[in-house]
Amino acid sequence: MSKQQKPAKNISQKPITKPQNVVAAQPSKDIRPIIWVVILVIATFVAYVGAFKNGFVEWDDQHYVTNNDLVLNPTGANIKTLMGRIVALNYHPITMLSLALNVILFGKGATSFIVTNVIIHTINTVLVFKFIQKLTEGKNIVAFLTALVFGLHPMHVESVAWIAERKDVLYVFFFLLSCLSYLRFRRENNNKWLIISLLLFVCSALSKAMAVPLPVVLLLIDYWQGREWLSIKNLLEKSAFFAVALFFGLMSVNVQAGGDFYGLLTMTDNHKALSSPPFSGLERIAYPMFGYLKYHLMAILPFGLSNLHPYPVSGSASNPKYFLAIAFFIASIGIMIWSYSRKKYIFFGWGFFLVTIFLVLQFLSVGKAFMAERYSYLPYVGLFFMIFYGIDEYLKNNNLVLIIGSIFGFICLVLTMQQVKTWKDNFSLWSNAYEQYPDDNSILESMADEYGRQGQYDKVQEFGERALAVNTNSYHTYEILANVYALKKDIPKSLQMYDKAIALDSTVGNVYFNRGVTLVESNPAKAIEDYNKSMSLPSHDKLFKIRGARAYAYLKLNKFKEAIEDYTYVIENIDTNPSTYYTDRSIAKYNLNDKAGAIADLKQAVSLDPSNQIAQENLKLISAQK
């Protein structure tokens with residue numbers, strides 16, 4: 001506290017290393033803190049044990065694990081490559097290394113990744129308890145309840161049950177350890193702990209760039225402890241922290257915009273997350289402010305959860321709820337200023353929340369959502385600290401505070417046990433999102449995709465046409481409809497939809513591939529052009545699949561040498577039984593008068609799949625010609 005500030009009334013003065021308006025509780029002489037830690041661990045595992053039955057989802061898991069050969073085959077060379085690789089428009093090598101270690105230690109199944117996430121989250125829950133306990137010098141009930149809600153809040157399910165969000169639990173793990181090390185530095189005045197805090201901060205930033213506000217959190221800790229937190233000396237003390245934050249902040253902005261950080265990193269595709277939606281000036285303010293309000297509302301009333309909270313329809317910012325959101329933001333800042341020298345727990349707790357969530361309030365638009373539940377993972381520590389500290393200060397009754405917090409914690413436990421089920425698989429995930437936002441184009445597209453995987457093509461067409469009615473500017477909607485029309489043998493309409501999809505976005509390889517598959521019977525030469533284009537662009541389809549399709553087109557055009565070259569590549573690289581490709585390659589060899597080679601391929605096809613009747617019949621025919 002500066003010399004000009006007056007101490008809070010009716011509070012005894014403390015040395016400068018302690019909060020000046022906090023009466024330190026006597027250190028506990030019993031085992032209750034240990035019991036509380038045990039309760040936190042058990043409650044957190046109970047909340048998430050249902051997630052152990054979940055699988056991977058096609059919502060970034062493919063980028064992080066299921067389609068990431070560097071993770072699935074963690075050789076020394078692959079891990080070295082992974083350390084410099086941008087994944088899903090993020091650079092977080094420690095996160096990727098942890099996923100590779102999962103494969104090394106436990107295999108490629110989804111369960112081990114989810115269990116690891118839950119273990120780290122459980123450790124984080126205990127670290128929150130220790131952090132608040134050390135911060136308040138023994139307010140164990142406030143520390144326990146803050147940690148309990150952190151561990152059980154359903155808004156955090158996305159960060160824990162979603163395999164791709166390993167980065168969330170990991171960055172917060174290092175973040176909290178850094179804060180604890182900093183508190184020890186303040187307590188012991190030993191620079192060793194400041195250095196350890198800095199190194200842990202670097203690890204946190206290498207797990208997820210959302211760690212960059214940590215230096216400001218350290219300043220808030222100084223404020224809480226009554227130091228001159230904005231003094232030149234104090235800021236210089238943290239200069240290394242601010243330098244690290246600036247470095248990783250600039251890197252994150254560059255990567256999110258589709259860059260490779262001036263050639264230092266490796267980018268596998270040319271997409272970008274940062275975008276400039278066609279919003280008005282008011283919308284650019286209103287939507288982030290509405291997200292800020294929703295984070296507060298859903299902290300207390302955690303309902304309507306979804307993996308995607310899409311932007312409102314453009315032009316809706318005149319709705320009174322957005323002006324209410326702006327007013328709420330202004331009011332919260334006003335309350336923080338008022339509380340600065342009156343209620344330090346408000347300034348600290350709300351300040352913690354604000355600085356750790358501000359960068360993801362979508363002032364710089366990333367993706368299709370105005371908010372994301374995973375962004376609340378760390379910020380809620382500050383928010384619930386403020387709430388429970390305030391309740392404790394107002395009621396001055398430990399038992400009543402514990403009862404109130406425990407009831408809310410139990411409600412969170414029940415809701416979390418339900419919410420983890422929505423991450424069971426793709427269909428559960430998008431069905432839940434559809435319940436919350438039944439008219440959103442992206443969600444309708446995702447529902448159509450899931451029905452496509454189930455082979456329910458009438459449903460695909462229904463949801464695809466509903467998505468098109470909402471938004472005519474999404475290439476994927478046209479792609480979905482093109483695919484389903486092709487499956488229904490309406491080739492002219494299918495080709496029309498493919499053309500519209502490509503007109504909207506000509507950089508997606510799998511659209512060209514699917515159009516090639518549709519064209520191959522009527523125009524194999526044009527199909528080959530599409531296959532070649534597909535191979536030159538980012539695509540969901542593996543290269544051997546594209547070359548296998550191209551090989552068939554070459555057969556149709558009697559280009560047998562080219563067909564053999566493609567079939568050979570497929571046979572050497574396919575991850576399933578290549579019996580049919582041996583059969584097809586034998587046809588090309590036979591037409592080049594290589595009967596011996598054709599017979600060898602057919603024998604190999606039969607040995608790999610004795611039920612391959614085409615190979616058996618062709619083998620008899622060719623053998624009979626000798």
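How do the residues of the lining of the largest cavity divide into nonpolar, polar and charged? They split into seven nonpolar, five polar and one charged.

## About the model

This is a predicted model, where local features need pLDDT of at least 70, side-chain atom pairs count only at pLDDT 80 or more, and totals for chains, interfaces and linings use all residues. Residues are numbered from 1 along each chain as its sequence is written, and side-chain values use heavy atoms, with hydrogens and water left out.

A cavity here is a set of points on a 1 Å grid over the protein atoms alone where a 1.4 Å probe fits but cannot get out, and lining residues have an atom within 4 Å of a point. Volume is the space filled by probe spheres set on the points.

The largest cavity holds about 100 Å³ of space. Its lining has 13 residues, and the closest to its centre are Asn 90, Tyr 91, Ala 209, Ser 252 and Val 255.

## Charged pairs

You'll find 25 salt bridges here, each one a side-chain nitrogen of Lys or Arg within 4 Å of a carboxyl oxygen of Asp or Glu. In one of them, Glu 158 meets Arg 374 at 2.9 Å, N to O. That pair ties together parts 216 residues apart in sequence, because Glu 158 lies in helix 8 and Arg 374 in the loop between strand 4 and helix 17. Helices (H or I, at least four residues) and strands (E, at least two) are DSSP runs, numbered from the N terminus.

Glu 158 is buried at 1% relative accessible area, and Arg 374 is buried at 17%. Buried means under 20%, exposed over 50% and partly exposed in between, with a 1.4 Å probe and protein chains only.

Technical notes: On a 1 Å grid over the protein atoms alone, a cavity is a set of points where a 1.4 Å probe fits but cannot get out, and a pocket is an open set with protein on both sides within 12 Å along at least five of seven lines; lining residues have an atom within 4 Å of a point. Ala, Val, Leu, Ile, Met, Phe, Trp, Tyr, Cys and Pro count as nonpolar, Asp, Glu, Lys and Arg as charged, and the others, Gly among them, as polar.
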